[in-house]
Amino acid sequence: MLYDKISARAIDTDANSSGLQSVDVRHISQYHLRCEESKGVWINAAINKIVHYQYSFYKQTPIRRPHKNCSKMPLRYATWTDLLPASHAASAAFFDEALFGPIIHPHRRTYPGDVYLFFLRYFRQTFFSATDTILVSYPSASPSTVTAVGIWTRKGAGGVKLERQQGWTVWLTGKLFQGVNKIHELLYPNRAADPAKIDILERSYAWIKHHWTGERANSWYLNLLATDPNFEKMGYGRLLVSWGTQRAKEEGVCASLISAEGREEFYRKCGFEGPVGWASEGEDNPIAHVSGGAIMFTEAFKQG
Ligand SMILES: CC(C)(COP(=O)(O)OP(=O)(O)OC[C@H]1O[C@@H](n2cnc3c(N)ncnc32)[C@H](O)[C@@H]1OP(=O)(O)O)[C@@H](O)C(=O)NCCC(=O)NCCS
């Protein structure tokens, strides 16, 4: 099976380098990406054609330029095809992050391709969500190179409005792909993950959802942000963040996020304040032992 070949290659690569812990994740992921693309190139192209019309139909808001560097580093709404390189960027960026790395994916070094598929399925599921917007950045000289990916979610009344605006064909296609995703997961289970912890993040929301109430209920929430490690510190992360903070300002609401450990300073540079709380707070919170998780908001909610 494809994934066994990948694991075998992971171990080969490892044997040729310096031990199991130092397996070349990027190399494996690139290999995996090529496999996905070559076996599915026409399928993905066809799906892209079918779904992109529907997707762009309701995501008509033009991408405004949130940053002066935007001509060199443009953004676009992710296409179906973009989800492949975007998953590659996310799996590489989060590979050793405290939550997605050792806790959710303790066997990631043995099965690195499964982490990639975890993000691919997540992006495919999110693609049709009315309240979520997937954006990718790329260098203007190379539009097919995805340098970073971000998902912004509209929470509160604004999100309900977006759900009402979504056409039934998009909704139905989304449901169909949820089923496809489930079958994909049965065929290719996530062997890198700890099954008891895979939904740990979703389960922890019950402990912190009170932060998104009252004047903060209506918010643009940064659901995911990942810059491909090859393109870090070039401004792509800030560009993706500024798309959401600008939308929030325009709509007179706040922007919010939960920061990974050590990223708080980056978000402060992007206009966020706090923490107002922690993702790990509360008795019996399943992620009580996880470091990081600062809950941060922009000031806009004070004006909202
Ligand atoms: C955090 C992350 C998205 C930053 O992306 P990036 O594209 O490298 O960020 P940018 O180049 O836009 O950085 C903007 C500014 O923040 C600074 N910065 C970037 N990462 C930083 C960090 N961890 N701590 C402090 N400052 C940071 C940059 O130096 C730059 O500063 P400058 O404008 O003064 O030069 C990226 O490192 C990443 O994907 N990390 C792994 C996944 C992750 O943790 N995602 C966030 C989950 S909440």
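Let's begin at Ile295, which is found in strand β7. This is a predicted model, and every value below was computed from it. Is Ile295 buried or exposed? Ile295 counts as buried, because 20 other C-beta atoms lie within 10 Å, and a residue needs 20 or more to be called buried.

Which residues does Ile295 touch, once its neighbours within four places in sequence are left aside? The contacts of Ile295 are Ile208, His211, Ile258, Gly274, Pro275, Val276, Gly277, Trp278 and Ala279. Take Ile208 from that list: 87 residues separate Ile208 from Ile295 along the chain, while their C-alpha atoms are 9.1 Å apart.

Pro275, another of the contacts of Ile295, has a feature of its own. Pro275 sits in strand β6, which covers residues 272-278. The peptide bond that joins Gly274 and Pro275 is cis, with omega at about 15°.

## The chain as a whole

The chain has 304 residues, and 39% of them count as buried.

Contacts between residues at least 6 apart in sequence can also be sorted by how far along the chain they reach. In this protein chain, 78% of such contacts join residues at least 24 apart.

Two packed helices are described by the angle between their axes and the distance between the axes.

Which residues make the contact? From α3 come Leu83, Leu84, Ala86, Ser87, His88, Ala90 and Ser91, and from α5 come Val115, Tyr116, Phe119, Leu120, Phe123 and Arg124. Sorted by type, the residues of this contact between α3 and α5 are nine nonpolar, three polar and one charged.

Look for Tyr116 in helix α5. Tyr116 is buried, because 27 other C-beta atoms lie within 10 Å, against a cut-off of 20 or more. Tyr116 and His88 are 28 residues apart in sequence, and their C-alpha atoms are 5.9 Å apart in space.

## Helix α5 against helix α7

Helix α5 also meets helix α7 (residues 168-187). Here the axes come within 9 Å and cross at roughly 165°. α5 and α7 are therefore roughly antiparallel to each other, and α5 passes α7 in a left-handed crossing.

On the α5 side the contact involves Arg121, Arg124 and Gln125, and on the α7 side Phe177, Gln178, Asn181, His184 and Glu185. By type, the residues in the contact of α5 with α7 are one nonpolar, four polar and three charged.

Tyr111 lies in the loop between α4 (99-103) and α5. Tyr111 counts as buried, because it has 22 C-beta neighbours inside 10 Å. Tyr111 and Ala192 are 81 residues apart in sequence, and 5.3 Å apart in space from C-alpha to C-alpha.

Next is Lys233, in the loop between β4 and α9. Its phi is near 60°, a positive value in a residue other than glycine. Is Lys233 buried or exposed? Lys233 is exposed, because it has 9 other C-beta atoms within 10 Å, and 12 or fewer counts as exposed.

Asp284 is found in the loop between β6 and β7 (294-298). Phi of Asp284 is near 65°, again a positive value in a residue other than glycine. Asp284 counts as exposed, because it has 7 C-beta neighbours inside 10 Å.

## Around the ligand

Finally, find the ligand in the structure. How many residues surround the ligand? There are 21, and the closest are Thr227, Glu232, Gly237, Arg238 and Phe266. Elements giving two or more residues to this shell are α3, β4 (219-227), α9 (236-251) and α10 (264-269).

What kinds of residue make up the shell around the ligand? The shell divides into nine nonpolar, five polar and seven charged residues.

Conventions:
Residues numbered from 1 in each chain as written. Predicted model: local features only at pLDDT ≥ 70, side-chain atom pairs only at ≥ 80, totals over all residues. Contact = placed C-beta atoms within 7 Å. Helix = DSSP H or I, 4+ residues; strand = E, 2+ residues; numbered from the N terminus. Nonpolar A, V, L, I, M, F, W, Y, C, P; charged D, E, K, R; others polar. Near = placed C-beta within 6 Å. Axes fitted to C-alpha atoms, helices over the stretch in contact; angles between N-to-C directions. Parallel < 35°, antiparallel > 145°, perpendicular 65-115°, else oblique. Left-handed = near helix turned anticlockwise from the far one by under 90°.
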